[in-house]
Amino acid sequence: MTRPVVPSTVAYADDFIVTGRSKEFLEQKVRPFIEAFLAERGLALSAEKTRATAIEEGFDFLGINIRRVGSKLLTRPAQKGIQSLCSKLREIVKGNASAKQINVIRQLNPVIRGWAQYHRHGVASEAFGKVDSYLWLLLWRWAKRRHNNKGARWIKAKYFRRIRHRDWIFAANENEGTKEFVALVKASDTLIRRHLKIQSAANPFDPEWHDYFARRQYRRFRD
């Protein structure tokens with residue numbers, strides 16, 4: 001007796017993916033079923049977002065590009081997500097052309113930190129570096145426009161600091177007349193931690209698994 005092939009579904013809010021044995025199976029069997037299911041409820045698939053593709057070609061889901069390369073499944077920040085982040089950073093910098101440096105830093109840091117934390121479990125080091133480089137260029141241009149009659153050395157001394165072993169850190173005094181600096185967060189400073197997949201047999205209600213879940217919880221807070 002042939003075992004039926006049951007597609008797998010991963011959903012988050014109104015976004016979801018369905019995996020199947022082939023592109024033809026998804027397009028000819030699964031998609032019509034989903035469309036009929038949604039139509040009964042007055043809903044429809046997004047023509048822009050819906051497509052069938054091989055995992056080797058990759059696809060974007062929730063801002064993450066998922067693609068299999070050889071025997072490895074790689075999750076990277078999606079290109080559209082990187083572009084969206086850079087647009088947001090550019091808007092913040094341009095919208096604060098005459099603002100104090102400390103205010104610019106305080107607006108940028110939560111955005112950078114939140115995006116980097118979201119992607120820290122994937123293959124994100126290269127993307128982090130690109131975002132940092134792009135933002136540095138934005139801020140250098142921001143500083144030059146404010147002082148177009150000053151040289152590069154003067155601008156660097158005013159807006160960029162040497163903190164510990166690092167130079168060219170965009171930082172400002174927390175309070176006037178003090179040496180306490182608030183520095184711009186760098187995406188590349190976020191530590192990459194691979195997601196630890198839970199064991200399929202693990203049961204949080206079974207006492208035999210208490211130590212296992214305690215170790216997972218400890219690792220989560222340690223990271």
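This is a predicted model: local features need pLDDT of at least 70, side-chain atom pairs count only at pLDDT 80 or more; totals for chains, interfaces and linings use all residues.
1. Two helices, α2 (79-94) and α4 (125-146), each supply at least two residues of the patch. Its members are Arg90, Lys94, Arg141, Lys144 and Arg145. Which helix gives the most to the patch? That is α4, with three residues.

2. Arg90 sits in helix α2. Its relative accessibility is 33%, so Arg90 counts as partly exposed.

3. Next, please look at the aromatic rings. A search of the whole structure finds 12 aromatic pairs. One of them joins Trp140 and Phe160: the ring centres are 5.8 Å apart and the planes make an angle of 50 degrees, a tilted arrangement. This pair links distant parts of the chain, with Trp140 in helix α4 and Phe160 in strand β6 (residues 160-163), 20 residues apart.

4. Are the two partners buried or exposed? Trp140 has a relative accessible area of 12%, so Trp140 is buried. Phe160 is at 4% relative accessibility and therefore counts as buried too.

5. Trp140 also pairs with Trp168. Here the ring centres are 5.6 Å apart and the planes stand at 65 degrees, so this pair is edge-to-face. Because Trp140 lies in helix α4 and Trp168 in strand β7 (residues 166-173), the pair ties together parts that are 28 residues apart in sequence. Trp168 counts as partly exposed, because its relative accessibility is 34%.

6. Trp140, Phe160 and Trp168 belong to one aromatic cluster, together with Trp136, Trp142, Tyr159 and Phe170.

7. Now for the charged pairs. How many salt bridges does a search of the whole structure find? The search finds seven.

8. Another salt bridge brings together the side chains of Arg68 and Glu56, at 2.4 Å from N to O. This pair links distant parts of the chain: Arg68 is in strand β4 (residues 64-69), while Glu56 is in the loop between α1 and β3 (59-61), 12 residues apart. Arg68 is partly exposed, with a relative accessible area of 37%. Glu56 also counts as partly exposed, at 39% relative accessibility.

9. A further salt bridge is formed by Asp167 and Lys156, whose closest N and O atoms are 3.2 Å apart. Asp167 lies in strand β7 and Lys156 in helix α5 (residues 152-159), so the pair ties together parts that are 11 residues apart in sequence. With 35% relative accessibility, Asp167 counts as partly exposed.

10. Finally, find Lys29 in helix α1 (residues 23-39). Why does Lys29 count as exposed? Its relative accessibility is 58%, and exposed means over 50%. If you compare Lys29 with Glu57, 28 residues apart along the chain, their C-alpha atoms are separated by 21 Å.

Technical notes
Residues are numbered from 1 along each chain as its sequence is written. Side-chain values use heavy atoms; hydrogens and water are left out. Patches are made of residues with over 30% relative accessible area and no salt bridge: like charges are joined within 9 Å, nonpolar side chains (Val, Leu, Ile, Met, Phe, Trp, Tyr) within 5 Å. Accessible areas come from the Shrake-Rupley method with a 1.4 Å probe; for residues, only the protein chains shown count as cover. A salt bridge is a side-chain nitrogen of Lys or Arg within 4 Å of a carboxyl oxygen of Asp or Glu. Lys and Arg count as positive and Asp and Glu as negative; His and the chain ends are not counted. The place of a charge is taken as NZ of Lys, CZ of Arg, CG of Asp or CD of Glu. Helices (H or I, at least four residues) and strands (E, at least two) are DSSP runs, numbered from the N terminus. Buried means under 20% relative accessible area, exposed over 50%, partly exposed in between (1.4 Å probe, protein chains only). Rings of Phe, Tyr and Trp (its six-membered ring) pair if their centres lie within 6.5 Å; planes under 30 degrees apart count as stacked, over 60 as edge-to-face and the rest as tilted.
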